[in-house]
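Could you walk me through this model in my viewer, one selection at a time? I would like to know what to pick next and what sits there.

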Amino acid sequence: MADLVRTPAAQAGTDPAAPSRWRRIRPGTWIAALVFGFFLLQLAGVIGVPLVDSLGTRWFTSWLPQGWTTKWYGSAWREFQLGQVFWTTALVSVLVVALSVVIGVPAAYALARRDFPGKKAVLLLFVLPILVPPLTYGIPLATVLYKFQLAGTLTGVVLANLVPSVPFVVLTMTPFIEQIDPRIEAAARMCGARTGSVLLRVLAPLLVPGILAASVLVLVRTVGMFELTFLTAGPDSQTLVVALYYAVFSAGIRTQQSIDAMAVMYTLSMLVLLVIALRFVNPTQLVTRVKEDRSA
Amino acid sequence: MSATDTRAAPPPAPPEPAAAPPALRHRLAERGVDRLLLLAVPGVLFLAVLFCYPFFYGLGLSFQPAQGGGPFANYRLFFSDPYLRETLWITLGLAVPAALINCLAAVPVAFRTRGVFRGRRLITTLLVMPITLGTVLTAQGLLGYLGPNGWFNKALLGLGLIDEPLALVHNYWGVLASLIITGFPFSYLLTLSYLTGIDPSLEQAAATLGADWRKRLRYVLLPLLAPGLAITFCLSFVLAFAVFPSAQLVGDPRRTTHVISIEAYQAAFQKFDYSLGSAIAMIMAAVMLAVVVLVLAWRSLLYRGATGGKG
């Protein structure tokens, strides 16, 4: 698009030997390149240190460790019982994704199709848990869960993680459902389909892409959700993020390298999830979608 | 978000039972209330039980201090104890700069990457990637990278820019860096999303009328982007205000980065004073709400209207 709107200066350039390519680059580009470069350089450093450390033997004050090894990964796996932790993480995430889709998609459908008194209040109810950071409602929530003896269990962790996930599914699915022409459902109803079969046979297939996108995003959020899990998890219901935090906090006897190895494993699994998420969701269309609506 | 749904056509009538329906049902259906709304009930109930109830429970609990001394004892304690009161300023001192930096840095990068160009997917993925790092890897990385023997100080020493290593971790700067690394991708995504939501024909129209890039930026794009930027700022502020693990790991949690969420957590789950913990959580929520309302009010003074966003 930047090419469509040429600067008048470039068009009015009378000099046949056009000014050097670098001078024509707009200042915005320079600033963006600087910000981008600086950010990437620092990021490389921040990621590089634990990565190198997890693969090195001994590393004191030199630029790089003295030798290379992969033994820290094995020892981290055993030391932190990562098999168990990965299993808990997977279980919690799958449960949260499934339940939030089951609760959230019907609600999104009702919100997308009906305009009813009090709709604004319901929308606010769905927006608030996303807007407010988890720690503020997490503390009272964990207190309540302790009261009902649910904190410390897998159920408690799943319930707490559902609080931001259900609204997230609702809010991502509502615009998606609004795009589906209600006449399709009207036609199905005219042909005699009952609500159940309209939902299952007509809407569900149309909604599958949206549900997949929302599920992947919820999955990424749940695997990365620190606060809520931290506040509600017991020793055997920790997910990977929380186990990692405790590993750092109760360091002492643990070697720095195996903590780094564990952190690298966490980041790798999150990276895989993120790349999958970006396949399904165009990040530039999280908030607004101009073109699609125009052509629709 | 979807409050703009102003579809004029009446919703399809629900399948009616064979028996004659009561008239009330018809009147309700005309206003959009029918059996289809039952679909929203589980979601609303769920949030009522697990979001509203705990919130009001916590609010009530915060007025029942463990030590006694009247309903407002916890709030009095918070605002009269300098060590506790200070947490508020420390947190604001971290959150406001972090949110500002993230928003201001996101704008030029979003402008540059909004069009379609080769390698766009790679660059956006790289920019979004820090989301995957998690606080622990970020903290470990910052401790190693910015530490006295880290690559950053080594490079600066090698270039002759400094004489002795800068103290960048276990203090304010480490936490700020961590907030920027984890917060920037988020503000970038939001800004990019708002920016691509602006109809390109508006800019083309301005260009046709002879506006150069400065004028287009100043009079067309920035005013249209302002509401989105305000919301981006609010969300990054809210994220940064609740900073918890990184303040513990790369900061100096007892003094210079003794943020409010550490205090809330310690009160509730280390001293088991749920009442004080809830009170601090309520103070956090109130401060956040105040800042968000301020920013949005200021924004509405500047500009009123739609971005031409989603229809």
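**A charge over a ring**

Start by selecting Arg221(A) and Phe168(A): the arginine lies over the face of the phenylalanine, at 4.6 Å from the ring centre. A charge sits over a ring if NZ of Lys or CZ of Arg is within 6 Å of the ring centre and within 35 degrees of the ring normal. In chain B, pick Arg218(B) and Tyr219(B), where the charged end of the arginine sits 5.1 Å from the centre of the tyrosine ring, over that ring.

Some housekeeping before the next stop. This is a predicted model, in which local features need pLDDT of at least 70 and side-chain atom pairs count only at pLDDT 80 or more, while totals for chains, interfaces and linings use all residues. Residues are numbered from 1 along each chain as its sequence is written, chains are lettered from A and ligands numbered from 1 in the order in which they are written, and side-chain values use heavy atoms, with hydrogens and water left out.

**Ring pairs**

How many aromatic pairs does a search of the whole structure find? Over all chains, there are 26. Rings of Phe, Tyr and Trp (its six-membered ring) pair if their centres lie within 6.5 Å; planes under 30 degrees apart count as stacked, over 60 as edge-to-face and the rest as tilted. Phe63(B) is partly exposed at 32% relative accessible area, and Phe72(B) is partly exposed at 48%. Here buried means under 20% relative accessible area, exposed over 50% and partly exposed in between (1.4 Å probe, protein chains only).

Now move to Tyr265(B) and Phe269(B), a tilted pair with 5.7 Å between centres and 35° between planes. Both lie in helix H12 (residues 260-270) of chain B, four residues apart, about one turn of the helix. Helices are DSSP runs (H or I, at least four residues), numbered from the N terminus. Tyr265(B) is buried at 11%, as is Phe269(B) at 10%.

**Last stop: a nonpolar patch**

Select Val208(A), Leu212(A), Val272(A), Ile276(A) and Phe280(A), which form a nonpolar patch on the surface with about 410 Å² of accessible area together. Such a patch takes residues with over 30% relative accessible area and no salt bridge, nonpolar side chains (Val, Leu, Ile, Met, Phe, Trp, Tyr) being joined within 5 Å; a salt bridge is a side-chain nitrogen of Lys or Arg within 4 Å of a carboxyl oxygen of Asp or Glu. Areas come from the Shrake-Rupley method with a 1.4 Å probe. H13(A) gives the largest share, three residues.

Notes:
Patches are made of residues with over 30% relative accessible area and no salt bridge: like charges are joined within 9 Å, nonpolar side chains (Val, Leu, Ile, Met, Phe, Trp, Tyr) within 5 Å. Helices (H or I, at least four residues) and strands (E, at least two) are DSSP runs, numbered from the N terminus.
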